[in-house]
Amino acid sequence: MSALNRVRMPLRLCFVGWGAINRRVAELLKERHGDDVVFAAVALADIADAIGVPDSIPVITDPSVLWQLELDLVVEAAGRGAVAQWGEHALRHSGGFVVASASAFCDDGLFERLQKAAREHGSQLIVPPGALAGIDAIAAAAALPLEAVTHRIIKPPRAWAGTAAEQIITLDGVAGPTTFFSGSAREAASRFPQNANVSAVAALSGIGLDRTQVELVADPAAETNRHELAVSGEFGRLNVVIENRPLAANPKSSEMAALSLVRLVENRFVPLVR
């Protein structure tokens with residue numbers, strides 16, 4: 001039997017969270033694959049959060065019911081608290097738990113528990129590349145010693161509104177590119193989970209949360225969410241720049257964050273894995 005024939009179709013998904021990212025993922029998957037992907041449930045912390053969930057998709061608030069859904073994949077894009085709430089059950093009752101809120105792994109205890117659950121239940125804990133490019137290359141390069149990983153994130157001041165950046169600089173008064181944070185990926189992802197969550201992705205792919213260096217910049221001339229990755233090690237050197245359009249429904253995130261989840265889901269069943 002071929003590997004493709006071992007894939008159950010349609011693919012059954014559960015979304016954790018129904019914010020801008022997962023709504024966009026669902027829209028694109030339905031548009032591209034129709035009935036080949038089934039949305040078995042949307043998992044939420046509170047039924048009051050079910051605003052906009054289509055009537056055709058069941059809403060669940062209790063992780064213990066995941067076992068009833070015969071899931072292939074659980075896709076999280078709901079924030080750090082949701083990773084802790086749903087993670088172990090998702091790994092126990094599906095083939096994989098996709099964690100978009102990688103800043104949750106700043107909690108070492110949670111990270112270890114979820115890896116243990118994945119091993120015990122034959123599932124996978126999956127961290128998507130999110131808004132970044134070159135993550136596959138960093139992960140491959142990490143098979144040999146890495147010397148340094150630096151991640152610079154440049155966004156318009158409005159994208160930093162409502163975050164800890166407001167306590168550091170006056171966003172309305174920024175006249176030029178202003179670096180308001182420089183430190184480890186652990187600190188960046190912990191203090192700025194809405195904007196710098198993706199720094200945890202780069203860190204987990206390479207030399208870890210404490211050795212990966214992050215700079216956060218507010219730039220009034222920026223029209224995109226820009227990420228600059230610089231990596232060096234025994235493999236050589238890597239420099240990657242990506243300029244993402246903000247997600248229309250949430251300027252703190254990027255369209256690419258949703259697109260990377262679409263690709264990840266598709267790679268579970270399409271004939272050509274890219």
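Q: Is Asp-108 buried, exposed or partly exposed?
A: This is a predicted model, and the value is computed from its coordinates. Buried means under 20% relative accessible area and exposed means over 50%, with partly exposed in between. Asp-108 has a relative accessible area of 39%, so the residue is partly exposed.

Q: Which residue forms a salt bridge with Asp-108?
A: The partner is Arg-186, and the closest N and O atoms of the two are 3.4 Å apart. Arg-186 belongs to helix H5 (residues 185-191) and Asp-108 to helix H3 (residues 108-121), so the bridge ties together parts that lie 78 residues apart in sequence. In total, 11 salt bridges are counted in the model.

Q: Which residues are linked with Arg-152 in a network of salt bridges?
A: The network consists of Arg-152, Glu-215, Arg-226, Glu-228 and Glu-243. Two of its pairs can be read in detail. Between Arg-152 and Glu-215 the closest N and O atoms are 3.1 Å apart. Arg-152 is in strand S7 and Glu-215 in strand S9, so this pair ties together parts 63 residues apart in sequence. The side chains of Arg-152 and Glu-228 also meet in a salt bridge, at 3.7 Å from N to O. That pair links strand S7, where Arg-152 lies, to strand S10, where Glu-228 lies, 76 residues away.

Q: How accessible are Arg-152, Glu-215 and Glu-228?
A: Arg-152 is partly exposed, with a relative accessible area of 25%. Glu-215 counts as partly exposed at 28%. Glu-228 also counts as partly exposed, at 22% relative accessibility.

Q: In what order do the strands of the open sheet stand?
A: The general idea is that strands of a sheet pair through backbone hydrogen bonds, either parallel or antiparallel. Here 5 strands form an open sheet in the order S8-S9-S7-S10-S11, with mixed pairing. Strand S8 (178-184) and strand S11 (236-244) are at the edges; each has a single partner strand, so one side of each has no neighbour in the sheet. From one strand to the next, the twist averages 10 degrees.

Q: In which sense do S10 and S11 pair, and over how many bridges?
A: Strand S10 (residues 225-233) pairs with S11 in the antiparallel sense, over 9 bridges. One place to check this is Gly-233, whose bridge partner in S11 is Gly-236.

Q: Which strands does helix H6 touch?
A: Helix H6 (residues 197-205) packs on the sheet and touches strand S7 (146-155), strand S9 (213-218) and S10. The direction of H6 makes about 165 degrees with that of S7.

Q: How many residues lie between S12 and S13 in their hairpin?
A: The hairpin of S12 and S13 has 2 residues between the strands. Strand S12 (residues 246-247) and strand S13 (residues 250-254) run antiparallel and are joined by 2 bridges. Leu-247 has Asn-250 in S13 as its bridge partner.

Q: How many aromatic pairs are counted?
A: A pair of aromatic rings is described by the distance of the centres and the angle of the planes. The count for this model comes to 7 aromatic pairs. Trp-160, Phe-180, Phe-181 and Phe-192 form one aromatic cluster.

Q: Which charged residue sits over the ring of Trp-160?
A: The charged end of Lys-155 sits there, 5.7 Å from the ring centre. In another case, Lys-30 lies over the face of Phe-39, at 5.2 Å from the centre of that ring.

Q: Is Phe-39 buried or exposed, and which residues does Phe-39 touch?
A: Phe-39 is in strand S2 (residues 37-43). At 13% relative accessibility, Phe-39 counts as buried. Leaving aside residues up to four places away in sequence, Phe-39 touches Leu-13, Phe-15, Ala-26, Leu-29, Lys-30, Ile-57 and Pro-58. The C-alpha atoms of Phe-39 and Pro-58 are 8.6 Å apart, with 19 residues of chain separation.

Q: What is the phi of Glu-70?
A: Glu-70 is not a glycine, yet its phi is positive, at about 50 degrees. Glu-70 is in the loop between strand S3 (59-60) and strand S4 (73-76). Its relative accessibility is 53%, so Glu-70 counts as exposed.

Conventions
Residues are numbered from 1 along each chain as its sequence is written. This is a predicted model: local features need pLDDT of at least 70, side-chain atom pairs count only at pLDDT 80 or more; totals for chains, interfaces and linings use all residues. Side-chain values use heavy atoms; hydrogens and water are left out. Two strands pair if DSSP finds at least two bridges between them. Helices (H or I, at least four residues) and strands (E, at least two) are DSSP runs, numbered from the N terminus. Axes are lines fitted to C-alpha atoms, for helices over the stretch in contact, and angles run from 0 to 180 degrees between N-to-C directions. Contact means heavy atoms within 4.5 Å. Rings of Phe, Tyr and Trp (its six-membered ring) pair if their centres lie within 6.5 Å; planes under 30 degrees apart count as stacked, over 60 as edge-to-face and the rest as tilted. A charge sits over a ring if NZ of Lys or CZ of Arg is within 6 Å of the ring centre and within 35 degrees of the ring normal. A salt bridge is a side-chain nitrogen of Lys or Arg within 4 Å of a carboxyl oxygen of Asp or Glu. Buried means under 20% relative accessible area, exposed over 50%, partly exposed in between (1.4 Å probe, protein chains only).
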